[in-house]
Amino acid sequence: MKFGILIQEGPYNHQASDSAYNFIQASLEKGHEITGVFFYNDGVINTTKLMDIPADDRHISKRWSELGAKGIQLIVCVAAAKRRGINPDVLIDNARIDGLGQLSELCIESDRLITFGD
């Protein structure tokens, strides 16, 4: 099955990012395909490389970048990013900023769109 992922909450203050990441890992292990991850609203904060994480904590933006390196497209909503001061200069590797049209494409390409966050 092909899953598209929508993340609407930021890291460290909501379970959405961790749940989405764990869902993706489990889906890949079961042989499913992830057509892409779309970061929307505060979810765009997951994609900034400005995070300064204590050594004993999980590095959420690094985890997303590593998934992108495996070929999973990471799409950051342009309007939500601009509202939060995220631009291409502070974006993690393997992610790109794009519009809501890409969310529509993700829906079309996927069998299911799974939303994490409110």
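Helices (H or I, at least four residues) and strands (E, at least two) are DSSP runs, and they get their numbers from the N terminus. Before we zoom in, keep in mind that this is a predicted model, in which local features need pLDDT of at least 70, side-chain atom pairs count only at pLDDT 80 or more, and totals for chains, interfaces and linings use all residues. Residues are numbered from 1 along each chain as its sequence is written, and side-chain values use heavy atoms, leaving out hydrogens and water.

**View 1**
Let's start with the backbone. Most residues other than glycine have a negative phi. N94 has a phi near 75 degrees, a positive value in a residue other than glycine. You'll find N94 in the loop between α3 and β4. Y12 also isn't a glycine, and its phi is positive too, near 70 degrees. Look for Y12 in the loop between β1 and α1. How covered up are they? Here "buried" means under 20% relative accessible area, "exposed" means over 50%, and "partly exposed" is in between (1.4 Å probe, protein chains only). With a relative accessible area of 39%, N94 is partly exposed. Y12 is partly exposed as well, at 35%.

G10 sits in the loop between β1 (2-7) and α1 (16-29). Is G10 buried or exposed? G10 is buried, with a relative accessible area of 5%. Now find Y40, which is 30 residues away from G10 along the chain.

Side chains of opposite charge can pair when their charged atoms come close. A salt bridge, as counted here, is a side-chain nitrogen of Lys or Arg within 4 Å of a carboxyl oxygen of Asp or Glu. By this rule there are five salt bridges. One of them is made by the side chains of R63 and D18, at 2.6 Å from N to O. This pair links distant parts of the chain, with R63 in helix α2 (residues 60-69) and D18 in helix α1, 45 residues apart. Both R63 and D18 are buried. Which residues are linked with them in a network of salt bridges? The network is made of D18, D57, R58 and R63.

**View 1. D42 and R84 tie two loops together.**
Here's another salt bridge: the closest N and O atoms of D42 and R84 are 2.6 Å apart. D42 lies in the loop between β2 (33-39) and α2, while R84 lies in the loop between α3 (78-83) and β4 (95-98), so the pair ties together parts that are 42 residues apart in sequence. D42 is partly exposed at 32% relative accessibility, and R84 is partly exposed at 31%. R84 and N41 are 43 residues apart in sequence, yet their C-alpha atoms are 9.0 Å apart in space.

**View 2. A salt bridge between R96 and D98.**
The side chains of R96 and D98 meet in a salt bridge, with 3.4 Å from N to O. R96 is partly exposed, with a relative accessible area of 32%. D98 is partly exposed too, at 28%.

A disulfide is a covalent bond between the sulfur atoms of two cysteines. To count as one here, the two cysteine sulfur atoms must be within 2.5 Å. How many disulfides does a search of the whole structure find? The search finds zero. C77 counts as buried, at 3% relative accessibility. C107, on the other hand, is partly exposed, with a relative accessible area of 37%.

E33, E105, E109 and D111 form a negative surface patch. Patches are made of residues with over 30% relative accessible area and no salt bridge, and like charges are joined within 9 Å. One member, E109, is in helix α4 (residues 100-109). E109 is partly exposed, with a relative accessible area of 38%.

Technical notes: Patches are made of residues with over 30% relative accessible area and no salt bridge: like charges are joined within 9 Å, nonpolar side chains (Val, Leu, Ile, Met, Phe, Trp, Tyr) within 5 Å. Accessible areas come from the Shrake-Rupley method with a 1.4 Å probe; for residues, only the protein chains shown count as cover. Lys and Arg count as positive and Asp and Glu as negative; His and the chain ends are not counted. The place of a charge is taken as NZ of Lys, CZ of Arg, CG of Asp or CD of Glu.
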